[in-house]
Amino acid sequence: GGSLAAVSAAPWGQAGIAAIPWMFCTMLGPQGVTDSARYAILNANYMKARLAPHYSICATNAQDRCSHEFIIDCSDIRRKSG
């Protein structure tokens, strides 16, 4: 409590947040950013393929692929466990 405003989060955003993607791109360079994106897509599709038999996957494209992330529908787990 007390009279302090936000302590763990900035109330109007964080100006330094723009430095993170800039540093990421600067350190990796064009080829590193491209490789990073390719690995992210490859890894997400690998994980999706491994988890698909066990969970319902919400959104994929026409080729049953995802981009760098995918969404698992956990509503069955909630219905079964409460």
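**Surface and fold of the predicted chain**

Met23 is partly exposed, having a relative accessible area of 41%. In this predicted model, the residue sits in helix α1, which covers residues 19-51.

Stepping back to the whole molecule, the protein chain contains 2 helices and 2 strands. Read from the N terminus, these elements follow the order α-β-β-α. Of the 82 residues in the protein chain, 10% are buried. The accessible surface of the chain is about 7,100 Å², and carbon and sulfur atoms account for 61% of that area. As for contacts between residues at least 6 apart in sequence, 19% link residues at least 24 apart.

A second residue worth a visit is Cys58, found in the loop that runs between β1 (56-57) and β2 (72-73). Is Cys58 buried, partly exposed or exposed? With a relative accessible area of 49%, Cys58 counts as partly exposed, because the exposed class begins only over 50%. Leaving aside residues up to four places away in sequence, Cys58 touches Ile71, Ile72 and Asp73. Cys58 and Phe70 are separated by 12 residues in sequence, while their C-alpha atoms lie 7.5 Å apart in space.

Technical notes:
Residues numbered from 1 in each chain as written. Predicted model: local features only at pLDDT ≥ 70, side-chain atom pairs only at ≥ 80, totals over all residues. Heavy atoms only, no water. Helix = DSSP H or I, 4+ residues; strand = E, 2+ residues; numbered from the N terminus. Buried < 20%, exposed > 50% of the residue type's maximum accessible area, 1.4 Å probe, protein only. Contact = heavy atoms within 4.5 Å. Areas by Shrake-Rupley, 256 points an atom, 1.4 Å probe, with all protein chains shown as cover.
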